[in-house]
Each structure stands twice: as C-alpha cells, then as structure tokens.
Amino acid sequence: MALKYQLKDSSFYIDGSDVPKNKLGITESLEIHELERELLEDAYEVFYDELDENTIFDEEYFKELHRRTFDSLYDWAGEYRDFNMAKGESRFCQGAFVNTSSKKIFDEVKNDGYLQNCEQTPKAEFAKKLAYYKCELIALHPFCELNGRITRMFFDMIAVFNGYAYIDYSTVTPTEYIEASIECVQLANCGKMEKIIFDGLMK
Ligand SMILES: Nc1ncnc2c1ncn2[C@@H]1O[C@H](COP(=O)(O)OP(=O)(O)OP(=O)(O)O)[C@@H](O)[C@H]1O
Ligand SMILES: [Mg+2]
C-alpha cells in the first residue's frame, strides 16, 4: 500500500529545532510541548472512558492511540515510519521492517489473549509480561515521535483493563528509564524495565 505521503527523517523537524513540522505552524518548542501535554491528557480521559470488555489491544488500537491523540497536530499521527532511526547508540528497528516486526509483536499479544485475562495473574508474572512487550515496542520505535508517551499509554490502558491503576513511573528518574530502554534495544534485556513496571503497578 502506498503511503499517503513519504516520511523522511530529514524533513521531519523544523530546521535546527526539536519541533516537528505541524499542522498549526507552531515553531516554539515550549508551545508545542505544552500542546502535546494537553492533547495527551485529554486522550487519557477519552481512552479510559472507552475501555470496556470489548477493547482489543491489537495493532490497530495501538495506532489509534497515536492517531487520535495527535491527529489535530501532525500529518503522520498514527502512521508508522519508513525510515531508519537511532537515539544515542541505539538503533531502532529498520524502517523497512517496522510493519512486519509490528505484526509479529501483535501476533504474540493476540496469542497471549490480548493481555485481557491477567486480573488473577500474580503481579510479578503480569509485570514480566508487560515488560516483555514494552521492550519489544521500545525497540520497534514505530512512530516518528511520541513513541514513549503512546507506548506508556498503551500499557496504562492494559493495566486498567486488568484491575490496576495507571503504571506509576515517578519512582524512576528519566535517566533510569532511558537506561532500561537502552537495555531493551541494545541487549534485548527487559530486566530493568520489568522492575520499573513491577514497582509502578498498583491495584
Ligand atoms: N538512547 C536510547 N536508547 C534506547 N531507547 C531510547 C533511547 N532514548 C530514548 N529511548 C526510548 O525512546 C522513547 C522516546 O521516544 P520518542 O521521543 O519517540 O517518544 P516521546 O513520547 O517523545 O518520549 P518520552 O516522553 O518517553 O521522552 C523513550 O521513552 C525510550 O523508551
Ligand atoms: Mg520525543
């Protein structure tokens, strides 16, 4: 399927800034980040209210979280990237393989009952499961931007579905969170992320 438009790493941000080109013509970093914060906060309410026993945590749902949260701001909301991306020393899934790798991850989620039946699962086992899929999605890094926030929202909705509150990440520093992500991407080791999720999961 042809993309609606070609995504290119180089043309993605406004020159010399961390501000993605956007529908509203915003050029100020503080302004766009505040708007993203508000859109995310609103989206949490919307998706929380929509949760019911028919909610399926599949790829479509994951993409819809991104699309519906940021559609008013970005053309590429809900669209997977097709170019390569790296952060620091970490290379994420190659652009050419994002779609197939995503399908593989979400096939596993499906075979895991869409993570819908974990209310009776011991917390440690549930945290391990969530960390496994979270590390896979961190290594996939499928969107051009806002991967961290949408991935956290995805697992927050799964946590709520299974009788927990949103996962509390306030016990870790941003550096610790990145270190856990680095181990996911570079070592395929989700141990640190598992601990973060275990500590953050509360009924
Ligand atoms: N050096 C790195 N190695 C591996 N993964 C990284 C690295 N830096 C960041 N990440 C991962 O990428 C995510 C950030 O991706 P992105 O910028 O697309 O989303 P975001 O919503 O803006 O991020 P966040 O709110 O988490 O900072 C982080 O949450 C982390 O999981
Ligand atoms: Mg970012």
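What covers the buried residues of α6? I opened the predicted model with that in mind, and I found that the cover includes β2 (90-91), α4 and α7.

**Entry: helix α6**

I listed the buried residues of α6 and got Ala180, Ser181, Cys184 and Val185. Looking down the axis of α6, I saw these buried residues fall within an arc of 130 degrees, so they line one face of the helix. On the face turned away from that buried side I noted the exposed residues Thr175 and Leu187. I also checked the length: α6 has 14 residues and reaches 19 Å from its first C-alpha to its last, close to the 20 Å expected at 1.5 Å a residue.

**Entry: α6 against α7**

I then looked at how α6 (residues 174-187) and α7 (residues 191-200) pack, and found an angle of about 135 degrees with the axes 7 Å apart. The two helices are therefore oblique to each other. From α6 the contact takes Tyr177, Glu179, Ala180, Glu183 and Cys184, and from α7 it takes Gly191, Lys192, Met193 and Ile196. By class I count five nonpolar, one polar and three charged residues in this contact. Ala180 and Cys184 are also among the buried residues of α6.

Is Ala188 buried or exposed? I found 10 C-beta neighbours inside 10 Å, so Ala188 counts as exposed.

I compared this with Leu146, which lies in the loop between α4 and α5 (147-161). Leu146 is not a glycine either, yet has a positive phi of about 70 degrees. Leu146 is buried, because 21 other C-beta atoms lie within 10 Å and the cut-off for buried is 20 or more.

**Entry: helix α3**

I moved to α3 (residues 98-111) and checked its span. At 1.5 Å a residue its 14 residues should span 20 Å, and the end C-alpha atoms are 20 Å apart, which agrees. Its buried residues are Val98, Phe106 and Val109. Down the axis of α3 they fall within an arc of 50 degrees, so they line one face of the helix. The face turned away from them carries exposed residues, which I wrote down as Thr100, Lys103, Lys104, Asp107, Glu108 and Asn111. Just after α3, I noted that Gly113 has a positive phi of about 65 degrees.

Which helices do the buried residues of α3 pack against? I found α2 (59-70) and α4 (123-140).

For the α4 side, I found that the axes of α3 and α4 come within 11 Å and cross at roughly 170 degrees. That makes α3 roughly antiparallel to α4. In the contact, Val98, Ser101, Ser102, Ile105 and Val109 of α3 meet Tyr133, Glu136, Leu137 and Leu140 of α4. By class, that contact has six nonpolar, two polar and one charged residues.

For the α2 side, I looked at Phe62, which is in helix α2. Phe62 counts as buried, with 23 C-beta neighbours inside 10 Å. Phe106 is one of the buried residues of α3.

Conventions:
Residues numbered from 1 in each chain as written. Chains lettered and ligands numbered in written order. Predicted model: local features only at pLDDT ≥ 70, side-chain atom pairs only at ≥ 80, totals over all residues. Helix = DSSP H or I, 4+ residues; strand = E, 2+ residues; numbered from the N terminus. Expected span 1.5 Å × (residues − 1). Buried ≥ 20, exposed ≤ 12 C-beta atoms within 10 Å, placed from the backbone. Arc of directions from axis to C-beta. Contact = placed C-beta atoms within 7 Å. Axes fitted to C-alpha atoms, helices over the stretch in contact; angles between N-to-C directions. Parallel < 35°, antiparallel > 145°, perpendicular 65-115°, else oblique. Nonpolar A, V, L, I, M, F, W, Y, C, P; charged D, E, K, R; others polar.
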